[in-house]
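Welcome, and please have the sequence and the model open side by side.

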Amino acid sequence: MNRQLLLLTICQGLFFTNNVTFVAVNGLVGLAIAPYGWMATLPLTAYVAGAALASQLVARHQRAYGRKRCFINGLLVAIVSAGICAFAAMTRNFWLLLAGTMVAGYYSANASLYRFAAIELVDGAHKEKAISWVLAGGILGGVIGPNLASATRNVLPVAFAGAYVALMVVALLSLLLMLRITFPPLVDAAQAGVPGRSVRELLRQPAFIVAIAAAALGYGVMNLLMAASPIAMQQCAHPFSAVAL
């Protein structure tokens with residue numbers, strides 16, 4: 001693995017640290033400050049919805065500004081959004097928490113492209129391995145995320161506010177690593193002789209419909225389990241260390 005690919009792999013791990021920590025604490029913070037109990041998981045919904053809404057914007061920004069600048073912008077948004085969430089938790093402002101998590105979706109949509117940018121850092125013979133390495137970096141987040149959430153839960157007077165502050169540090173660390181990665185310029189599809197396809201054309205392809213349905217089902221089940229589990233475990237009096245894990 002070359003040095004730049006290693007740095008991008010670590011950035012992927014830090015991105016998943018953000019995701020895992022969000023999953024561990026957002027529902028519980030929502031439960032504590034939401035006007036009604038059924039609204040507890042809305043902060044998690046806002047994060048997923050924010051990523052979906054930002055995907056087209058990120059695609060345009062990638063074409064306009066290039067990989068590195070767009071990834072850096074995403075990490076700056078991550079720092080700001082985590083700060084908003086920390087302030088929302090400390091002031092018990094549920095709607096500000098929703099705004100912060102939705103804004104964080106821009107970072108999520110950006111970081112979801114790390115795996116594809118990986119192939120631009122290696123020669124053609126190692127593209128598949130590059131994607132695999134970056135995806136494997138997510139394991140780092142699966143290990144760090146729960147422990148970070150547990151360790152920072154009571155660092156500040158308001159429960160979980162410290163976890164959001166810790167995510168600001170995580171994003172800052174990822175930003176410092178991203179500054180050391182050099183991506184080649186993006187090749188315009190027209191210049192490469194690859195014709196683009198409209199959304200209408202894509203929707204006419206059965207394989208595209210199946211892919212969307214499978215992704216929607218998979219993410220739906222995952223979000224259902226991951227959003228509800230921390231709240232259910234806390235209601236059953238499990239310790240937060242077990243909830244986070």
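Predicted model: local features only at pLDDT ≥ 70, side-chain atom pairs only at ≥ 80, totals over all residues.

Residues are numbered from 1 along each chain as its sequence is written, and side-chain values use heavy atoms, with hydrogens and water left out.

**Overall fold**

The protein has eleven helices and zero strands; helices (H or I, at least four residues) and strands (E, at least two) are DSSP runs, numbered from the N terminus. Its C-alpha trace spans about 60 × 40 × 25 Å along the principal axes.

Of the 245 residues, 41% are buried. Buried means under 20% relative accessible area, exposed over 50%, and partly exposed in between (1.4 Å probe, protein chains only). Among contacts with a separation of 6 or more, 81% are between residues 24 or more positions apart, where contact means heavy atoms within 4.5 Å.

**The largest pocket**

How is the largest pocket lined, and by how many residues? Its lining has 31 residues, with Phe15, Ala51, Ser108, Ser112 and Tyr219 nearest the centre. A pocket here is an open set of points on a 1 Å grid over the protein atoms alone, where a 1.4 Å probe fits, with protein on both sides within 12 Å along at least five of seven lines; lining residues have an atom within 4 Å of a point. The volume is about 1,100 Å³, counted as the space filled by probe spheres set on the points, which are joined across faces, edges and corners.

Helices α1 (3-33), α2 (42-65), α4 (94-111), α5 and α10 (206-235) each supply at least two lining residues, and α2 gives the most, with ten. By class, the lining has 21 nonpolar, eight polar and two charged residues. Ala, Val, Leu, Ile, Met, Phe, Trp, Tyr, Cys and Pro count as nonpolar, Asp, Glu, Lys and Arg as charged, and the others, Gly among them, as polar.

**One salt bridge**

A search of the whole structure finds one salt bridge, meaning a side-chain nitrogen of Lys or Arg within 4 Å of a carboxyl oxygen of Asp or Glu. Glu120 pairs with Arg67, with 2.8 Å between the closest N and O atoms. The pair links distant parts of the chain, 53 residues apart: Glu120 sits in the loop between α5 (114-117) and α6 (127-136), and Arg67 in helix α3 (residues 67-91).

**Three residues, with the pair for reference**

| Residue | Relative accessibility | Class |
|---|---|---|
| Asn18 | 5% | buried |
| Arg67 | 13% | buried |
| Glu120 | 25% | partly exposed |
| Arg153 | 26% | partly exposed |
| Met222 | 33% | partly exposed |

Asn18 belongs to helix α1. Leaving aside neighbours within four places in sequence, Asn18 is in contact with Tyr47, Tyr107 and Leu167.

Arg153 lies in the loop between α7 (138-152) and α8 (161-178).

Met222 is placed in helix α10. Its C-alpha atom is separated by 15 Å from that of Gly27, 195 residues apart along the chain.
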